[in-house]
Amino acid sequence: MKKGNPERLPFFLVSWIWACTRRVQSLVGPCEPPPLLCATSCAHNQPDSPAKRERRPMLHRALLLVLALFMLPAQAGDIRFPGGDSPEDKRWDFVLEILALALDKAPAGDVPDHIVRLPAQMQARRIAELSSGHLDVAVAIGSRDLLRQPVIFIPLPLQRGLLGWRLLLANAEGARKLSQVRTIDDLRPLRMGFVRTFADYPVMQANQIRIVDGADYQGMFRMLTAGRMDYLSRGVGEIFSEYESLRGRGISTVVIEPTLALHYRADWFFVVNPARRDLAERITRGLEQARRDGSYERVFQKHFEPVLAQARLDQRRIIELTNPDFPELDSQIPANWWWAPEPRKGSPSDTQKPR
């Protein structure tokens, strides 16, 4: 660890302690904080109960194990991936299954792979942690800027471009306004909620969409329900689980707009630690093999066939947006990796091109 880079130290410490604690809990079960971490108990100097004295050896062993694991480098077979620290955030489920599939299709040898799930980060932080060696593989939304970063870019869109097929989550007033939208010019005056650090933020700027900045991922939904924005643009693979999560929390004022969809070229891609070229080659070989033998398609259909049926993209008015990062990225990506809805038979196309 380089001493000249103090700003990385807190996240690196938190990430490893979090991962090591999860390992400890899997070995010894959940436990209360050790006495040396309990300031209140120490300050009052209360005598321990017999039950607490019996528990102390296990707690001390657990603490020592955490410290020992923390001081060790990543073990052989460990593949450090940032994502999945919140049970409500389902965005990583498909990516993690595809990563495991790719590794299985291109095995490295006798040492089994173990994907170590570390706390989720914004894309800029993921890239920084990869380039500094603190992560092995992550996902990133493709862009021209990503191609210039010191990471290995794997040019295979993990969701076949579904990230660029967008449905609109709106509050009641926003839904009323959206029902009158026919073209991108009709859409521009409405307030779209977006987080400035999201990698496709420049797409919305390039298309002159009126943006209200959300504080963070969860903050967007709070601002939408409070009426501070009219709608959110969410991927077809995200919006239905997010909608159900809101309903489960008792929020009934938000709806999925039924007639519109946005589209632009965008997707998640694997990016790899520059020192792990062997891992990048394995993931690439594994993904290509999974496409050839049909196993990728089976996972894709398992995750997305239900939501694509719900999305009814062939029945919506599609507003095309320009992505300034294409066609530069497009030239690196096999054309058969992009998904598109089947047009309805006997129905004319109702796609609005950007102007």
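Trainee: Which residues of α12 meet which residues of α13?

Mentor: In this predicted model, Ala290, Arg291 and Asp293 of α12 meet Ser295, Tyr296 and Arg298 of α13. Sorted by class, that contact holds two nonpolar, one polar and three charged residues.

Trainee: Why is α12 called roughly perpendicular to α13?

Mentor: The axes of the two helices, α12 and α13, come within 4 Å and cross at roughly 80 degrees. Angles of 65 to 115 degrees count as roughly perpendicular, and therefore α12 is described as roughly perpendicular to α13.

Trainee: What makes β3 and β4 the edge strands of their sheet?

Mentor: The sheet is open, with three strands in the order β3-β11-β4 and antiparallel pairing. Within that order, β3 (137-141) and β4 (152-153) each pair on one side only, and this is what marks them as edge strands.

Trainee: How do you know that β3 and β11 count as paired?

Mentor: Two strands pair if at least two bridges are found between them, and β3 and β11 (residues 268-272) are joined in the antiparallel sense over five bridges. For instance, alanine 138 has valine 271 of β11 as its bridge partner. Helix α5 (residues 123-131) packs on this sheet, where α5 touches β3 and β11, and its direction makes about 140 degrees with that of β3. Helix α12 (residues 277-293) packs on the sheet as well, touching β3, β4 and β11, with a direction at about 150 degrees to that of β11.

Trainee: How do you know that the length of helix α4 agrees with its number of residues?

Mentor: Helix α4 (residues 93-105) has 13 residues, which at 1.5 Å a residue should span 18 Å, and the end C-alpha atoms are 19 Å apart, so the two values agree.

Trainee: Which residues of α4 are buried, and what covers them?

Mentor: The buried residues of α4 are Phe94, Val95, Leu96, Ile98, Leu99, Leu101, Ala102 and Leu103. Their cover includes the strands β1 (78-82), β2 (114-118), β3 and β11, together with the helices α12 and α13 (295-311).

Trainee: What makes the link between β10 and β5 a pairing, and in which sense do the strands run, parallel or antiparallel?

Mentor: The requirement is at least two bridges, and two bridges join β5 (residues 165-171) to β10, with the strands running antiparallel.

Trainee: Which residues of β10 point which way, and are they buried or exposed?

Mentor: From β10 (residues 260-263), Leu260 and Leu262 point one way whereas Ala261 and His263 point the other way, and all are buried.

Trainee: Why is leucine 246 called buried?

Mentor: Leucine 246 lies in helix α11 (residues 239-248). A residue counts as buried under 20% relative accessible area, and leucine 246 has 3%, so the term applies. Leaving out residues up to four places away in sequence, leucine 246 touches Leu169, Phe221, Ile251 and Val254. The C-alpha atoms of leucine 246 and phenylalanine 221 are separated by 8.4 Å, although the two residues are 25 residues apart along the chain.

Trainee: How many of the residues in the chain are buried?

Mentor: Buried residues make up 46% of the 355 residues in the protein chain, which has 13 helices and 13 strands.

Key: Residues are numbered from 1 along each chain as its sequence is written. This is a predicted model: local features need pLDDT of at least 70, side-chain atom pairs count only at pLDDT 80 or more; totals for chains, interfaces and linings use all residues. Side-chain values use heavy atoms; hydrogens and water are left out. Contact means heavy atoms within 4.5 Å. Axes are lines fitted to C-alpha atoms, for helices over the stretch in contact, and angles run from 0 to 180 degrees between N-to-C directions. The expected span of a helix is 1.5 Å times one less than its number of residues. Buried means under 20% relative accessible area, exposed over 50%, partly exposed in between (1.4 Å probe, protein chains only). Angles under 35 degrees count as roughly parallel, over 145 as roughly antiparallel, 65 to 115 as roughly perpendicular and the rest as oblique. Ala, Val, Leu, Ile, Met, Phe, Trp, Tyr, Cys and Pro count as nonpolar, Asp, Glu, Lys and Arg as charged, and the others, Gly among them, as polar.
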